[in-house]
Amino acid sequence: MSTSLSTSGPASGQPPIADAGPLALCAREPRVPAERLVAEMVPPPRFDSVRFDTYNPDPAQPSQAEAVTVLSGFAAGLGGAHASGSGKRRWFQKKATAQAAGPCGVYLDGGYGVGKTHLLASLWHATPAEPALKAFGTFVELTNLVGALGFQQTVQTLGGHRLLCIDEFELDDPGDTVLVSSLLSRLVEQGVALAATSNTLPGKLGEGRFAAADFLREIQGLSAHFRPLRIDGQDYRHRGLPEAPAPFSDEQVTKAAYATPGASLDDFPGLLDHLAKVHPSRYGALTDGIAAVCLTGVVPVPDQSTALRLVVLADRLYDREVPVLASGMPFDRLFSEEMLAGGYRKKYFRAISRLTALARDAKPLVSQ
């Protein structure tokens with residue numbers, strides 16, 4: 001599935017030090033057709049080869065091993081005929097009365113870096129159904145799909161699936177609450193099994209971000225679709241690893257960008273401005289073909305809207321295993337104390353964790 005990219009301007013204000021300069025994210029304006037959004041609803045490259053047996057539970061956290069057991073059984077229970085067709089078979093293999101009243105999905109709740117996405121992707125891979133009958137995407141990608149296809153077409157497209165996996169399930173506004181509640185209810189009626197990950201229990205979605213009490217009915221409706229499965233533990237990306245590398249100089253970052261085939265080079269404030277002009281559904285396409293992202297002049301993000309866009313970009317870069325080399329402020333100082341104490345704090349901590357991991361990956365790009 002092709003994506004058109006229009007470009008304009010040089011990679012950055014830095015003087016060229018080689019005949020072929022690096023790419024620039026700021027020069028890209030991707031146009032993503034709706035059919036690509038559907039085709040890409042599969043585990044991202046970072047999680048393409050993960051399986052339950054490649055997940056390493058922390059012996060000090062029994063909930064991690066329990067999650068593998070529960071999810072393996074959940075996947076096995078999806079091997080029957082689609083619930084809307086003949087040979088109807090439910091997911092938890094319980095009595096019919098319990099099936100009708102109980103949840104039709106699992107909800108992985110835990111802190112960032114405990115392997116929830118690994119487990120969710122493993123569930124997708126383990127489910128005995130053709131890839132075309134399974135969908136995997138982030139919450140943002142799901143709402144973007146509705147925006148691209150329309151509500152009814154999305155229901156029709158996903159309604160024949162055996163499984164819908166939703167990563168990073170978060171409700172940022174009342175409109176999303178009502179939209180997703182309605183969508184999942186329709187999909188459940190058509191026999192689609194659900195699985196989701198989040199840093200927030202389903203009954204607490206939306207807290208600290210909008211007047212959740214005003215939408216309690218919708219939130220409770222969402223919660224009723226899922227069986228919560230708590231996963232405790234420390235962020236595996238930092239477990240036993242050294243601290244994140246300190247930022248490099250502008251000169252080092254620029255030199256590495258020119259020396260690395262397929263690297264991009266952008267001024268960080270300029271990139272933040274550019275993200276405001278590109279819909280978040282296109283951030284994945286924005287990074288198509290990029291081998292490494294090089295950023296000069298990293299500074300704290302100025303406001304919450306900008307911060308949330310950066311979170312989405314960080315997720316797409318992490319999914320695609322794109323290393324990030326930067327100068328300026330370290331990534332753990334991207335977000336203000338007020339932001340880190342607010343309703344979106346878990347998103348910001350996830351972004352810091354993922355960007356830190358990508359910064360470690362980028363360290364070899366700088367010649368010693």
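Two strands are taken as paired if DSSP finds at least two bridges between them. In the predicted model described here, strands β3 (residues 105-109) and β6 (residues 193-198) run parallel and are joined by 5 bridges. Within this pairing, G105 has L194 of β6 as its bridge partner.

Both strands belong to an open sheet of 5 strands, arranged in the order β4-β5-β6-β3-β7 with parallel pairing. The edges of the sheet are formed by β4 (134-138) and β7 (226-230), each of which pairs on one side only. From one strand to the next, the twist averages 15°. Helix α5 (residues 139-149) lies across β4 and β5 (163-167), and its direction makes an angle of about 110° with that of β4.

The protein as a whole contains 14 helices and 10 strands. Of its 368 residues, 50% count as buried. When contacts between residues at least 6 apart in sequence are considered, 84% join residues that are at least 24 apart.

The space in the largest cavity amounts to about 70 Å³. The lining of the largest cavity consists of F268, L271, V293, L295, L310, L313, L317, V324, F331, L334 and L355. By residue class, this lining comprises 11 nonpolar residues, with no polar and no charged ones. At least two lining residues come from each of α10 (268-275), β9 (292-298) and α12 (304-319). Helix α12 gives the most, with 3 residues.

Strand β9, one of the elements that supply the cavity lining, also holds T296. The relative accessibility of T296 is 7%, and the residue therefore counts as buried, the cut-off being under 20%. Apart from neighbours within four places in sequence, T296 is in contact with D250, V253, T254, L265, D266, D267, F268, P269 and S327. Among these contacts of T296 is F268, a residue that also lines the largest cavity.

Key
Residues are numbered from 1 along each chain as its sequence is written. This is a predicted model: local features need pLDDT of at least 70, side-chain atom pairs count only at pLDDT 80 or more; totals for chains, interfaces and linings use all residues. Side-chain values use heavy atoms; hydrogens and water are left out. On a 1 Å grid over the protein atoms alone, a cavity is a set of points where a 1.4 Å probe fits but cannot get out, and a pocket is an open set with protein on both sides within 12 Å along at least five of seven lines; lining residues have an atom within 4 Å of a point. Grid points are joined across faces, edges and corners, and a volume is the space filled by probe spheres set on the points. Helices (H or I, at least four residues) and strands (E, at least two) are DSSP runs, numbered from the N terminus. Ala, Val, Leu, Ile, Met, Phe, Trp, Tyr, Cys and Pro count as nonpolar, Asp, Glu, Lys and Arg as charged, and the others, Gly among them, as polar. Axes are lines fitted to C-alpha atoms, for helices over the stretch in contact, and angles run from 0 to 180 degrees between N-to-C directions. Contact means heavy atoms within 4.5 Å. Buried means under 20% relative accessible area, exposed over 50%, partly exposed in between (1.4 Å probe, protein chains only).
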